[in-house]
Amino acid sequence: MATSRKVTLLSSDGESFEVEQSVAVESITIKDSIEEGSAGNPIPVPKVNSKILAKVIEYCKKHVESAKAEDRVDDEDLVAWDADFVKVDQATLFDLIRAANFLNIKSLLDLTCQTVADMIKGKTPEEKRKTFTIRNDFTPEEEEEVRRENQWAFE
Amino acid sequence: MDDLPVEVIGNILSQLKAARDVVVASMTCQKWREAWKKHLRALSFDSNDLSTHHGFNTTELEIIITQTIFQTRGLRCLTISMEDADEFSAAPVIAWLMYTKETLRELCYNVRTHPNINILEKCGRQKLEVLKLAHNSITGIELSYQKFPQLKSLSLSFVSISAWDLSLLLSICPKIESLALVSPDIAMSELQATMELTSHSLKEIHVEAISLDKFLLEADSLQSLHLRDCNLEVFELIGKGALRVFKMDDVSIIHLDISESMENLEVVDVANFTVVWPKFYQMISKSLKLRTLRLWGVVLDEEVEAMDLETISVYFPRLSHLALSYDLGDDVLTHCLQGSSNLENVVALELGWTIISNRFSAWVAELLERCPRLKKLKIFVGVSEAKTEKELGMLGNFTTSMIPLMRKYMETILHQRKTGETIKCLHW
């Protein structure tokens with residue numbers, strides 16, 4: 001049976017992770033490369049280091065297991081598990097976002113983006129820039145124009 | 001954060017949803033502004049978010065929504081939810097729908113428009129997957145050119161629609177999986193108030209606040225049925241054995257006719273349900289896979305027998321959640337407790353009694369005996385408004401007698417039914 005096959009993933013810093021194929025194909029990127037036959041073994045995962053790859057694998061495993069579970073009551077538990085999963089420092093959170101984007105794992109990408117959205121909510125632009133160390137690249141005139149376009153939101 | 005692609009920023013902004021938050025966020029830097037303009041997928045105008053400092057009048061809202069939507073491109077989810085708005089004029093609403101027609105996948109809209117426009121005609125049909133409408137009227141469904149090829153979820157609340165149009169609407173949604181009808185204003189063409197719905201793809205249906213002479217539902221793939229606050233003289237369900245969840249809440253059905261095998265039923269949850277009980281029991285007796293059984297607020301007269309524990313343990317070997325609330329006279333209580341089979345797999349038990357009485361303690365004690373694997377226990381007991389001395393005395397006795405029994409259980413909650421307060425909460 002295809003699902004009991006294992007694949008090996010190789011992180012950017014050279015660590016190998018053996019996982020069930022059913023877990024690995026949560027990533028559309030990996031799924032496509034396996035189906036096209038261009039995967040090779042182990043499958044290299046550039047840009048994603050071992051620490052983040054381990055977490056991504058943990059997420060995929062949990063979600064694949066929950067989908068199989070007969071007891072649908074697990075939905076609430078899964079939501080709680082997800083909430084815990086994203087309680088990480090900012091750098092890790094952004095690394096997870098980058099990994100989910102590169103590996104094309106929609107549910108993980110949505111989950112991590114939702115987490116960032118929750119952090120942003122209610123903050124002024126200046127506060128946001130500070131929290132995420134973003135450079136303000138608007139000129140004062142541009143900033144004024146942008147503010148005027150949507151004046152209502154700042155009242 | 002600098003190297004995150006602009007599409008991902010778009011995803012983050014889309015998760016914010018509330019228009020005000022998204023607009024403020026777009027001002028953070030050039031990349032975020034670009035994400036706002038080109039990669040925003042979801043936007044929500046909700047009266048709860050919008051009216052913080054000062055309320056906007058209807059015209060101001062129309063302007064704000066128009067100029068905000070028109071700054072985006074490729075919007076997939078649009079929510080416009082106003083609690084007390086009067087009416088939007090038709091022109092801006094048509095503009096919003098036309099602007100988003102090519103890309104919209106989800107639309108939630110609950111405001112009346114003046115003059116009334118047929119939302120179904122104006123909104124994008126090709127890609128729409130979720131449609132939630134409220135306080136609007138739907139007329140004149142045309143089979144010939146209208147189809148909603150991708151629509152999976154449809155919710156109509158306080159919507160005027162004829163029974164005929166409603167059944168036509170289902171037929172032009174070949175992939176529909178979920179239907180919710182809340183307090184519809186259904187215009188009937190015949191003398192008899194009848195609604196007939198047919199769908200091969202429908203998996204769940206929720207109908208609330210409806211009164212009909214006859215409701216016929218033909219749904220081969222139906223998995224979940226939930227009726228609430230309904231009065232139906234005749235309810236006919238034709239399925240093909242996929243039904244897993246059966247929920248009735250404050251429902252009265254005189255003639256219940258279910259051509260459904262009930263073999264896969266996992267949840268039966270009925271509360272304040274008026275039905276012919278022996279027939280109902282017969283119907284669910286074939287549900288060997290039943291895991292949750294809730295019979296709540298069931299009024300039984302002397303002739304009708306309540307389902308006894310022996311029968312429950314025999315018919316439903318896999319039962320794990322049991323909730324029973326009906327006031328039992330002495331005879332019926334004896335009948336119920338007959339036999340000695342245990343409910344081997346029950347891990348959660350909920351018991352209710354309208355007004356505290358000593359019979360209740362016997363009932364609880366016996367049930368606790370019969371559930372050897374019990375982990376969670378909830379008790380709902382009522383006390384009348386008067387709270388007589390006698391009642392309080394019985395309540396006191398009850399809780400005292402319960403304590404040694406409950407010691408075994410992980411979590412026990414005692415609810416005082418009338419006020420809903422937790423009068424005693426015991427945790428182990």
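1. Over all chains, the structure holds 20 salt bridges. The term covers a side-chain nitrogen of Lys or Arg within 4 Å of a carboxyl oxygen of Asp or Glu. This is a predicted model, in which local features need pLDDT of at least 70, side-chain atom pairs count only at pLDDT 80 or more, and totals for chains, interfaces and linings use all residues. Residues are numbered from 1 along each chain as its sequence is written, chains are lettered from A and ligands numbered from 1 in the order in which they are written, and side-chain values use heavy atoms, with hydrogens and water left out.

2. One of the salt bridges pairs Asp3(B) with Arg98(A); their closest N and O atoms are 2.2 Å apart. The pair crosses between chains. Asp3(B) sits in the segment before α1 of chain B, and Arg98(A) in helix α5 of chain A. Helices here are DSSP runs (H or I, at least four residues), strands are runs of E (at least two), and both are numbered from the N terminus.

3. Now the interface. Chain A gives 36 residues to the contact and chain B gives 36 residues, with contact meaning heavy atoms within 4.5 Å. The two chains bury about 3300 Å² between them, 60% of it on carbon and sulfur atoms. Buried area is the accessible area (1.4 Å probe) lost when two parts are put together, summed over both.

4. The rule finds 4 salt bridges across the interface of chain B and chain A. Glu149(A) and Lys37(B) meet through their side chains in a salt bridge at 3.8 Å, N to O. On the chain B side that touches chain A, the elements giving two or more residues are α1 (6–16), α2 (19–26), α3 (30–38) and α5 (58–69). The largest share, 7 residues, comes from α2(B). By class, this side has 18 nonpolar, 10 polar and 8 charged residues. Nonpolar means Ala, Val, Leu, Ile, Met, Phe, Trp, Tyr, Cys and Pro; charged means Asp, Glu, Lys and Arg; the others, Gly among them, are polar.

5. Within chain A, the axes of helix α5 (residues 90–103) and helix α6 (residues 106–120) come within 8 Å and cross at roughly 145 degrees. Axes are lines fitted to C-alpha atoms over the stretch in contact, with angles running from 0 to 180 degrees between N-to-C directions. The contact has 9 nonpolar, 4 polar and no charged residues. Among them are Leu93(A) and Phe94(A) in α5(A), and Leu108(A) and Met119(A) in α6(A).

6. Two backbone points deserve a look. His114(B) and Pro115(B) are joined by a cis peptide bond, with omega about -5 degrees. Pro115(B) lies in the loop between β5 (113–114) and α7 (119–122) of chain B. Lys47(A), a residue other than glycine, has a positive phi near 70 degrees. Lys47(A) is in the loop between β3 (43–44) and α3 (50–68) of chain A.
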